[in-house]
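Subject: Structure for you to look at

Hi,

Here is the structure I promised to pass on. Have a look at it first, and then read my notes below.

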Amino acid sequence: MIRFENVSKSYAGQGRPALDSVTVEVEKGEFVFLVGASGSGKSTFLRLVLREARPTTGKVYVAGKEINRLAGWKVPALRRQIGTVFQDFRLLPNKTVAENVAFALQVIGKSRAHINKVVPDTLELVGLEGKGNRMPDELSGGEQQRVAVARAFVNRPMILIADEPTGNLDPNTSVGIMKLLDRINRTGTTVVMATHDAGIVDQMRKRVIELEGGRVVRDQSRGVYGYQQ
Ligand SMILES: Nc1ncnc2c1ncn2[C@@H]1O[C@H](COP(=O)(O)OP(=O)(O)OP(=O)(O)O)[C@@H](O)[C@H]1O
């Protein structure tokens, strides 16, 4: 589903590359944690999958396509297949919960009938039934992240990318979000999550890829967090 072939990424003006000769493959339906110290290259890895950044050398494949070679007009279709969740939720503050989730479908031209059916189903899936009319600032952090997960998943993407999704949440709330991501993964969606949350990684026992200075230094199935911060 995702394949990096000898990928390096250097940012202009930076001495050493953010990613350095990374070769890694993530199969369809896998759940993968990306761990490593701050600056080790996790976000760069995720941005390359979304083609928000492009490799300096090497090839990135998503669903069999080398995405660096995709024509610009095909990039939105690629991103439509990839849901994203971030530490800071990134909800639209002036839209209700339901509108935030619906918006993700409106911008890709889905019909009102489809939206009216799918949004309530997805809010129920994430445990927010009955809260569709709330504004984001009327929700707890954990609930706001559930909205973000609903928005990321409402189009049933083949990949879900999560960059520190529990970074702003307390441990109990984080467990709830992880249960949700696990549930989404069980529907067949490939999940790649960058995290500093040792407790979560140790509890979930999923594949762990560790980056250090832009290189893969560990790739372990049913792994643990495994290093001191
Ligand atoms: N847009 C950019 N321009 C220049 N350098 C960048 C840019 N983005 C990241 N870097 C550099 O690339 C390296 C890897 O950064 P990256 O954000 O991928 O790490 P990370 O593992 O996600 O870190 P964190 O855990 O703090 O989010 C760092 O040295 C960082 O300073």
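Let me start with the helices. Helix α3 (residues 97–106) packs against helix α5 (residues 141–153) with the axes 8 Å apart and an angle of about 25 degrees. Axes here are lines fitted to C-alpha atoms, for helices over the stretch in contact, and angles run from 0 to 180 degrees between N-to-C directions. α3 and α5 are therefore roughly parallel to each other (angles under 35 degrees count as roughly parallel, over 145 as roughly antiparallel, 65 to 115 as roughly perpendicular and the rest as oblique). Their crossing is right-handed, meaning that the near helix is turned clockwise from the far one by less than a right angle.

Before I go on, two notes on the source. This is a predicted model, in which local features need pLDDT of at least 70 and side-chain atom pairs count only at pLDDT 80 or more, while totals for chains, interfaces and linings use all residues. Residues are numbered from 1 along each chain as its sequence is written. Helices (H or I, at least four residues) and strands (E, at least two) are DSSP runs, numbered from the N terminus.

Back to the pair: Val97, Asn100, Val101 and Ala104 in α3 meet Val147, Ala150 and Arg151 in α5 (contact means C-beta atoms, placed from the backbone, within 7 Å). By class, that contact has five nonpolar, one polar and one charged residues. Ala, Val, Leu, Ile, Met, Phe, Trp, Tyr, Cys and Pro count as nonpolar, Asp, Glu, Lys and Arg as charged, and the others, Gly among them, as polar.

α5 also packs on α6: the axes come within 9 Å and cross at roughly 15 degrees, which makes α5 roughly parallel to α6. This crossing is right-handed too. On the α5 side the contact includes Gly141, Gly142 and Phe153, and on the α6 side it includes Gly176, Ile177 and Leu180. The classes come to five nonpolar, five polar and one charged residues.

Helix α6 (residues 171–186) in turn lies across β3 (31–35), β7 and β8 (190–194), at about 150 degrees to β8. Those strands belong to an open sheet of six, ordered β6-β7-β8-β3-β9-β10, with mixed pairing (two strands pair if DSSP finds at least two bridges between them). β6 (82–86) and β10 (215–220) are at the edges with a single partner strand each, so one side of each has no neighbour in the sheet. On average, neighbouring strands are turned by 15 degrees against each other, direction ignored. β6 pairs with β7 (residues 159–163) in the parallel sense over five bridges, and Val85 stands opposite Ala162 in β7.

There is also an open sheet of four strands, β2-β1-β4-β5, with antiparallel pairing. Five bridges join β1 (residues 2–9) to β2 (residues 19–26), where Lys9 stands opposite Leu19 and Val7 opposite Val22. Another five join β1 to β4 (residues 57–62), with Ser8 opposite Thr57. Helix α1 (residues 42–49) lies across β1, β2 and β4, at about 120 degrees to β1.

Finally, which residues surround the ligand? They are Tyr11, Gln14, Ala18, Gly36, Ser38, Gly39, Ser40, Gly41, Lys42, Ser43 and Thr44, counted if the C-beta atom, placed from the backbone, lies within 6 Å. That shell has two nonpolar, eight polar and one charged residues.

Cheers

Note on methods
Two residues are in contact if their C-beta atoms, placed from the backbone, lie within 7 Å.
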